[in-house]
Amino acid sequence: MECEVQSGELLATETELAVLLYAEDETLPAEVTALCEPNDANGRWKQQTLLYPRGALPARRLLLIGMGKRSGITADTVRQAAAIAAQRAQELKVSSYHLGYNGHLPLTPQQFGVAFAEGSILGSYRYTRYKSDREETSEITAILQAGSDAPEAVEGVRRGQILARATTFARDLANGPGNEVTPAFLGQTAVEMGARLGLQVTVLDRAQLIEQGFGGILAVGQGSANEPRFIVMEYGTGGQGPTICLVGKGITFDTGGISIKPAEKMDDMKMDMSGAAAVFGAMQAVAELQLPLHVVGIVCAAENMPSGTAYRPGDIIRTLSGKTVEVLNTDAEGRIVLADGLFYAQRYQPAAIVDLATLTGAIMVALGSHAIGLMGNNQELANRLIAAGEATAERVWQLPLWDEYRDAMKSDIADLKNTGGRYGGAITAAGFLAAFVGDYPWAHLDIAGTAWVEKPSRAYQARGATGVGVRLLVELLQGYVG
């Protein structure tokens, strides 16, 4: 999907498909109402009316999409409407279509342009890489008919395309099968990104991890034939602006290890590296947007497999920080690899550390699939993330991280244990991670409920990986600019 901007009026444009977005409480142009029967188009949210003007308008087809009450229209309303338009354009097999809004824009032209591009690209996304019988479809061009606002909308569309393509990149990684998307694959992907975008990339293999003492990642990955990797992608330099570290859990497939998971739905565990995927996508977007910041993307990549060499319940491992961890459950592996990544991030003396992980089933019990769990040690950073979540519709909900939750992770025979019991599991997992961030501002995002959907709740999602976290992180980082 390509997105463009044109000036001029939508209803005067000759096109295969014209898409008009309109609010419930606004009057449609007379030439449009003349094509409708009573009650065909009342503007209810997501109502679609496809009309064939037959010469009454220059467009061959006119699609009306209801936006609900004008007072309730947000960027996400536009994003979803643009996604619906893209999907109908695919169904109609047009090569291009034009989209406009009835009356005055409910957002600034730049905001509208961002949401239009994001919705168009994300709404048309499908993961069909391995379907040998997939239809070869030609590229569709979505054109925003912005009238006199076209010059301002151009920058919004440019930004929206960058964010959407970074998100589809993350979706591709998380949708990819575990036999292809291995720790080594992620390492090679980072190297290729570095060459393409000018990032400084470091990939540590197993021998280097042993030499440098990455005991957490090594323990989790030691049962697999696919050896672990520790990946660092660095954009900018320390003098370019605030240093922000993004740390992603990169478990490329999670069987649970010796504490093996049930067979049902284990196939979905290829998405257990969605936190890493979000970091990859965010780093791509940051580089393409050329934000004046120093951003360090850290990915802790391993495959959690049972074998004769796998780590066991009862083992005690020494992490990169020197802290020891008693392993009670090998399926609580994400926090163990993140322990090394979070401690490593401290060497950059960052203004903030944010980690993303499909960490716990407990967060899904608490928040379902509509919110990211947020915990941390710094309220200002938490507030920034909450605001970024509202702006991007990748909403976060803050949970407490009191000392009692941290204390629950203390072990009788080691510094820490990797589970804290059944209750409050998402929070005690964050309590474990808190031991590895020092005094630096830090936030933990548990995306287990939002990274993968069976039944999409938004029009720009598709079954499978959502790419959640990419747009959220970039919005957060944008707040540190200037």
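Modeller: Contact, in what follows, means that heavy atoms lie within 4.5 Å of each other. This is a predicted model, in which local features need pLDDT of at least 70 and side-chain atom pairs count only at pLDDT 80 or more, whereas totals for chains, interfaces and linings use all residues. Residues are numbered from 1 along each chain as its sequence is written, and side-chain values use heavy atoms, with hydrogens and water left out.

Let me begin with the interior. A nonpolar core is a set of buried Ala, Val, Leu, Ile, Met, Phe, Trp, Tyr and Cys residues joined through side-chain atoms within 4.5 Å; buried means under 20% relative accessible area, exposed means over 50%, and partly exposed is in between, with a 1.4 Å probe and protein chains only. The largest such core has 63 residues, and those with the most contacts inside it are Leu-186, Met-233, Leu-246, Phe-280, Met-283, Val-299 and Leu-445. Helix H8 gives the largest share of this core, 11 residues. Leu-186, leaving aside its neighbours within four places in sequence, is in contact with Leu-173, Val-181, Ile-231, Thr-252, Met-273, Phe-280, Val-299 and Ala-301. A second, separate core has 49 residues, including Ala-219, Cys-300, Ile-317 and Leu-401.

Helices (H or I, at least four residues) and strands (E, at least two) are DSSP runs, numbered from the N terminus. Thr-189 belongs to helix H5, residues 183-197, and is buried, with a relative accessible area of 11%. Not counting residues up to four places away in sequence, Thr-189 touches Phe-169 and Phe-280, and Phe-280 is also among the partners of Leu-186.

Now to the packing itself. Two packed helices are described by the angle between their axes and the distance between the axes. The axes are lines fitted to C-alpha atoms, for helices over the stretch in contact, and angles run from 0 to 180 degrees between N-to-C directions. Angles under 35 degrees count as roughly parallel, over 145 as roughly antiparallel, 65 to 115 as roughly perpendicular, and the rest as oblique.

The axes of H8 (residues 274-289) and H14 (residues 470-478) come within 8 Å and cross at roughly 45 degrees, which makes H8 oblique to H14. A crossing is left-handed if the near helix is turned anticlockwise from the far one by less than a right angle, and right-handed if clockwise; the crossing of H8 and H14 is right-handed. On the H8 side, Ala-278, Gly-281, Ala-282, Ala-285, Val-286 and Leu-289 meet Val-470, Leu-473, Val-474 and Leu-477 of H14. Sorted by class, this contact of H8 with H14 has nine nonpolar, one polar and no charged residues, where Ala, Val, Leu, Ile, Met, Phe, Trp, Tyr, Cys and Pro count as nonpolar, Asp, Glu, Lys and Arg as charged, and the others, Gly among them, as polar.

H14 also packs with helix H4 (residues 150-175), at an angle of about 135 degrees and with the axes 9 Å apart, so that H4 is oblique to H14. Here Arg-159, Leu-163, Ala-166, Thr-167 and Ala-170 of H4 meet Val-470, Arg-471, Val-474, Glu-475 and Gln-478 of H14, and by class this contact of H4 with H14 has five nonpolar, two polar and three charged residues.

Helix H13 (residues 425-434) is largely enclosed by the rest of the structure, because 10 of its 10 residues are buried, including Ile-427, Phe-432 and Leu-433. In helix H7 (residues 215-221) one finds Val-220, which is buried, with a relative accessible area of 0%. Val-220 touches Ile-251, Ala-302, Glu-303, Asn-304, Tyr-311, Glu-333, Ile-336 and Val-337, not counting residues up to four places away in sequence. From Val-220 to Gly-257 the separation is 37 residues in sequence and 8.3 Å in space, C-alpha to C-alpha.
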